[in-house]
Amino acid sequence: MRRTGKIRTIVIAVMITVASMVFHYFGTAASWDIGVSDWLNQKESVTNKKIYIIGIDDKTLKKYGPVNTWSRFIPARLISILNTDETTRPAVIGFDVIYSEEADETSDDYFADICENAGNVVAVESLSFKEMPERDENGNVIYNPYHIDHVITPYRSLRDSVTCSFANTVVDKDGYVRQAMAYLDHEGEPVYSFASQVYINYQESRGEKAVFPDTYGRNNRYYFSYSGKSGGYNMVSMKDVLEGTIDARIFQDAIVLVGAYAVGMQDSYTPAISHSSQMYGVEIHANIIEALLEERTQVPASPLIYGLIAGILCGIFFLFVQYAKILPATVGFVLFGIADVLFARLMYLRGYIVPVALLPIVLAVIYLSRIIQGYLTEILRRHRVVNVFKQYVAPQVVDKISKDKDFELVLGGENRHIAVLFVDIRGFTTMSESLQPEEVVEILNEYLNLTTKSIFDNGGTLDKFVGDATMAVFNAPFDLDDYIFRAVCTAWDMKAGSDAIAEKFEKRFGKSVAFGIGVNCGNAVVGNIGCEFRMDYTAIGDTVNTAARLESNAKQGQILISEQVYEAVKDRVAITPIGEIPLKGKSNGVFVYQLDEVKGR
């Protein structure tokens, strides 16, 4: 219950954190992600064949000179050519050039008259913004960064003869153009953008109503989908149209945009569809118009709704990776990431901008945290295993345990065929009564060092010390080759080593002791026996009990082995049959042998 409550708390914390990140994303940190959205969503499509661009290109500038030196008869002549035949004229002619200054009265008035008579011309103006305090509908003071401070308009006679609209381009903080303004409120009246006004006029020419997309913000913005990169629209040189090289009838019922198409005119921007190239302003207007016509515009999704969804998904993913293994967790992470990308694409097609990279990044943090957590848990687990086993297992066995990722230190055990050795110091109790405590400890440690070294040298596992006795098992916890013979060799090494120790203590204390050893083999239950906070790795069962009884029956300096042990090693040892002896706790006697020599080493 306690773990469940902890997990629940963490899940709630994850959901709240993700929701907060989403709000932050929509508020201040969206620019890094929107570039990913560009890559995913800004795709080239078939451009509208009813949108043409008449470019003021290098060829035109070379022929007529800089635009600011032109007589107004030149654009007037262009309109006349385009509108020569009432049945083949364009639906809308949009000039993306600001004619703000008066030139000569005759040409200015002539151009204005031509535009007024044509009735299908849209001109542009430029707005200058200034942040100003205003009161909202509730009477609260707010600051409007898009307050129109002043307007650069066409000269008076032209302004009165055409429909005017503002040509300001919305450049995002990262330097790319992916948004447009539908209109702005100015002195209680809507002022439409150039693309919006051309769209309105074009729809009216077809007898259809202009339907504006959803917008957001005080400047009524919306995102739009590009139709293509620079050069995607039909562009003809203004010079060719003026000189009659291009048949004006190709513009019948079309939208014709006239604007800068030369680098020197400094009217180019970086579009969202191609971060590595520039696009002329008139081409951007063409893309916006087509997005309005094709209803391919978007607004940011509600941060509240998206935040809740993202928080819930991250909470679910957190729970999933907490209980899943690495492979399923990895697959889940990949599937969640793919689902997020597909969801972002679907929402974009439905008219909403949602984060593309934010959720996968959060999922990656959760996923990596799980990996790191698992890695640290595994390190701690192995450290715990090593610390437990290094007390009673040979170093090479400890090393093997530490590298075995499947080894688990848990309660319970397994049934294994093992060899068991018991060794006890004969006469130690009587001797200890006549010695000082520190002398007793010195003798005991000397003998236990010998037994431990002998066990480890032969690959055995030191099971436990019981006073002056030692228990060892062979073939547990890992498989050990020739383990019965190794147990016999261990007993022989103990006997051999004890002779030198006995001689040493005979000289110092005038007393000597020797080992009694018993070796048996058979099936036994081995594993960590105990409780969760205190476990001992040991073996239990009749095989162990028999080995203990053999040791207790062994005389000083004698090694007794069972018949099962003898059958396994008889070709490599010399023995003396002892015969069947009764063992405490067993109804039938056990035939035993005395080990006299080990020959097969």
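Reply: A polar contact is a pair of N or O atoms within 3.5 Å; within protein, one must be able to donate a hydrogen and the other to accept it, and residues adjacent in sequence count only if both atoms are side-chain atoms. The side chain of asparagine 520 makes such a contact, at 2.7 Å, with the side chain of serine 562. This is a predicted model, in which local features need pLDDT of at least 70 and side-chain atom pairs count only at pLDDT 80 or more, while totals for chains, interfaces and linings use all residues. Residues are numbered from 1 along each chain as its sequence is written, and side-chain values use heavy atoms, with hydrogens and water left out.

Asparagine 520 belongs to strand β20, residues 514-531; strands (E, at least two residues) and helices (H or I, at least four) are DSSP runs, numbered from the N terminus. With a relative accessible area of 4%, asparagine 520 is buried; buried means under 20%, exposed over 50%, and partly exposed in between, with a 1.4 Å probe and protein chains only.

The wider setting includes a nonpolar core, a set of buried Ala, Val, Leu, Ile, Met, Phe, Trp, Tyr and Cys residues joined through side-chain atoms within 4.5 Å. The largest has 45 residues, and Tyr447 and Ile517 have the most contacts inside it. Helix α16 (residues 483-509) gives the most to this core, with 12 residues. Leaving aside neighbours within four places in sequence, tyrosine 447 is in contact with residues including Ile425, Ser498, Phe505 and Phe515.

Methods: Contact means heavy atoms within 4.5 Å.
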